[in-house]
Amino acid sequence: MGGPVVLGIESSCDETGAGIVQDGRLLAHVVATSMDEHARFGGVVPEIAARAHLHSFNPVVREALDRAGLRIGQIDAVAVTTGPGLSGALQVGLAGAKSVAYAAGVPLYGVHHLAGHVAADTLERDPLPDPCVVLIVSGGHTSLLLVRDLVREPILHLGDTLDDAAGECFDKVARILGLPYPGGPAIDRAARGGDPKAVAFPRPLTRPGDDPYAFSFSGLKTAAARWVERHVQRGEEVPVADGAAALQEAVADVLTRKALAACRAYDVKTLIVVGGVAANSRVRALAEKRCASAGIELRVPPMTLCTDNGAMIAAVGDLLVRAGTEPAPLDVSIDPSAPLEYASLNPLARPAARVA
């Protein structure tokens, strides 16, 4: 007889995800995205995302249960993203997760979204090595972490982005280049026909004296915008493929250079790259090359688990249940800007302000 079956719910941005995990094994996961609804606006619209979660929640959970061959009464725990993310989107996911947990009579666990990305790598591999360096790269986050026991010990932040995240940089520059949203995949596709050495884009925060683990992509975004402007002012056609390839190379260079530096400084032999930008072909290829040269094991989740999904939240919930962690209180709320300190995230609802 297997261990507890955990249902995970993710709704922090524009994907409604449900995943089911038992003993570290992924039984099923389903994702519904509202990306097409946001595309005409060039980015995620919070109100549209929240409404899409309302429409998708029940069908996504039902399909995940069907794929796993389970009924709601066979779920032993529910885990849900309680932050960070879009406030309305998080509220929908939490309300739905509370309803499922109540109906099934099982405990609820609040999970930090970024811890979910880290745990995604465990679903088709061995447990996380202790210690490991984790590079999280997505549309809203770029962070370097030192992780030991993901659910029992605090997570050490080595460095974070000071402004734009890597994925945000891709999205904004893609728009400048006339490429569709989401920008990351569009940049990746366009770069295949370009020369990564065609444009000498800067490598932010890589000079001596700079913070070795901090990131900054706002200046790189501006450099790309000025490069496009110069072509337009001269009446020249913008070489989109070259610009995309050079931008992608700059981002991949900075990410992998800093990640390898952290591995060497902390004598860590495993680098884990997670988040939506981990699906970028050049980031993966350069990380593989540099890790191989340095004798460091590289672990990257399968493409389907790089972007936001319920499976990664279920993976954290599974670890929390097996570690004997206390479930969330009944009045657990959300924290849209929660820092990553622990995998478990159980903020309490703030009392309403009194009106005199």
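These questions and answers go through some local features of a predicted model.

Colleague: How far apart are the end C-alpha atoms of helix α2?
Modeller: Helix α2 covers residues 46-68, which makes 23 residues. At 1.5 Å a residue the helix should span 33 Å. The distance between its end C-alpha atoms agrees with that, at 31 Å.

Colleague: At which residue in α2 does a kink lie?
Modeller: α2 contains the proline P59. A kink of about 45 degrees lies shortly before this proline. The residue at the kink is S56.

Colleague: Which elements do the buried residues of α2 pack against?
Modeller: An α-helix has 3.6 residues a turn, so residues three or four places apart point the same way. Among the buried residues of α2 are A49, A52, H53, S56, F57, V60, V61 and A64. The buried residues of this helix pack against the strands β1 (5-10), β2 (15-22) and β3 (25-33), and against the helices α1 (35-39) and α3 (87-104).

Colleague: At what angle do the axes of α5 and α6 cross?
Modeller: Helix α5 (residues 166-176) and helix α6 (residues 183-191) have axes that come within 7 Å. In the contact, F170, D171 and A174 of α5 meet G183, G184 and I187 of α6. These residues divide into three nonpolar, two polar and one charged. The crossing is left-handed, and its angle is roughly 65 degrees.

Colleague: Which residue does a cis peptide bond join to P182?
Modeller: P182 is found in the loop between α5 and α6. Omega of the cis bond is about 0 degrees, and the partner of P182 is Y181.

Colleague: Where is P131, which has a cis peptide bond from D130?
Modeller: The bond from D130 to P131 has omega near 0 degrees, and is cis. P131 has its place in the loop between α4 (113-120) and β6 (132-137).

Colleague: Is D23 buried or partly exposed?
Modeller: D23 is found in the loop between β2 and β3. Although not a glycine, D23 has a positive phi of about 55 degrees. Its relative accessible area is 39%, and residues between 20% and 50% fall in the middle class, so D23 is partly exposed.

Definitions and conventions
Residues are numbered from 1 along each chain as its sequence is written. This is a predicted model: local features need pLDDT of at least 70, side-chain atom pairs count only at pLDDT 80 or more; totals for chains, interfaces and linings use all residues. Side-chain values use heavy atoms; hydrogens and water are left out. Helices (H or I, at least four residues) and strands (E, at least two) are DSSP runs, numbered from the N terminus. The expected span of a helix is 1.5 Å times one less than its number of residues. The bend at a residue is the angle between axes fitted to the seven residues ending there and the seven starting there. Buried means under 20% relative accessible area, exposed over 50%, partly exposed in between (1.4 Å probe, protein chains only). Contact means heavy atoms within 4.5 Å. Axes are lines fitted to C-alpha atoms, for helices over the stretch in contact, and angles run from 0 to 180 degrees between N-to-C directions. A crossing is left-handed if the near helix is turned anticlockwise from the far one by less than a right angle, and right-handed if clockwise. Ala, Val, Leu, Ile, Met, Phe, Trp, Tyr, Cys and Pro count as nonpolar, Asp, Glu, Lys and Arg as charged, and the others, Gly among them, as polar.
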